[in-house]
Amino acid sequence: QVQLVESGGGLVQTGGSLRLSCAVFGRTLSGYAMGWFRQAPGKEREFVAAINWSVASKYYADSVKDRFTISRDNAKRTGYLQMVSLEPEDTAIYYCALGALSTTSREYYYWGQGTQVTVSS
């Protein structure tokens, strides 16, 4: 059994920053990529960023490139999403997930419950 718990969401003003964390509990994570997705009200879940196990490969959605940074610390069993220059369009529930390195949500096997990020204008 694997459990993912996100934290770090909140309310910030436009231009602000947040750092999301994703703590992983349960069986070993060896080999799993970690991805971050988000879902805004009335919209489908969309890819944000992904990182492979060895941290050698990272992928970003065009909408967050140069503003968001994905990282992970396998020893701490925790992943991170550093977000800067936040915009109202970034408002969404953010989910972390474990699975195959992909921009597609169906390639991820384990999901957290999500953390709300709200950016006020």
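**Salt bridges, core and sheets**

Modeller: A caution before we start: this is a predicted model. Ask away.

Biologist: How many salt bridges does the structure hold?

Modeller: Side chains of opposite charge can pair when their charged atoms come close. One of the pairs here is D62 with K65, with the closest N and O atoms 3.2 Å apart. Another is D90 with R67. The total for the structure is four.

Biologist: Which residue forms a salt bridge with R38, and is R38 buried or exposed?

Modeller: The partner is E46, and the closest N and O atoms are 2.6 Å apart. E46 is partly exposed, at 34% relative accessibility. R38 has a relative accessible area of 5%. Buried means under 20%, so R38 is buried.

Biologist: Why does D62 count as exposed?

Modeller: K65, its salt-bridge partner, is partly exposed at 41%. The cut-off for exposed is over 50% relative accessible area. D62 passes that cut-off because its value is 67%.

Biologist: Where in the chain do D90 and R67 lie, and how many residues apart are they?

Modeller: Their side chains meet in a salt bridge of 2.8 Å, N to O. D90 sits in the loop between β8 (78-83) and β9 (92-99), and R67 in the loop between β6 (58-60) and β7 (68-73). The pair thus links distant parts of the chain, with a separation of 23 residues.

Biologist: What residues have the most contacts inside the largest nonpolar core?

Modeller: In soluble globular proteins, nonpolar side chains tend to be buried together. The largest nonpolar core here has 33 residues. Elements that give two or more residues to this core include β4 (33-39), β5 (46-51) and β9. Those with the most contacts inside the core are W36, V48, F68, L81, M83, Y94 and L98.

Biologist: Which residues does L81 contact, leaving aside its neighbours within four places in sequence?

Modeller: L81 belongs to that group with the most contacts in the core. L18, R19 and L20 are among its contacts, as are A49, T69 and I70. The list also holds W36, V48, F68 and Y94.

Biologist: How many residues of β9 are buried?

Modeller: β9 pairs with β4 in the antiparallel sense over seven bridges. β9 also pairs with β11 (115-120) and with β10 (residues 108-111), in each case antiparallel over three bridges. The strand is mostly covered, and the buried count is seven of eight.

Biologist: Which strands stand at the edges of the open sheet of four strands?

Modeller: The order is β1-β3-β8-β7, with antiparallel pairing. The twist averages 15 degrees from one strand to the next. An edge strand has a single partner, so one side of it is left without a neighbour in the sheet. That describes β1 and β7.

Biologist: In β8, what is the bridge partner of A23?

Modeller: β3 and β8 pair over six bridges. Their sense is antiparallel. The bridge partner of A23 is T78.

Methods. Residues are numbered from 1 along each chain as its sequence is written. This is a predicted model: local features need pLDDT of at least 70, side-chain atom pairs count only at pLDDT 80 or more; totals for chains, interfaces and linings use all residues. Side-chain values use heavy atoms; hydrogens and water are left out. Buried means under 20% relative accessible area, exposed over 50%, partly exposed in between (1.4 Å probe, protein chains only). A nonpolar core is a set of buried Ala, Val, Leu, Ile, Met, Phe, Trp, Tyr and Cys residues joined through side-chain atoms within 4.5 Å. Contact means heavy atoms within 4.5 Å. Two strands pair if DSSP finds at least two bridges between them. Axes are lines fitted to C-alpha atoms, for helices over the stretch in contact, and angles run from 0 to 180 degrees between N-to-C directions.
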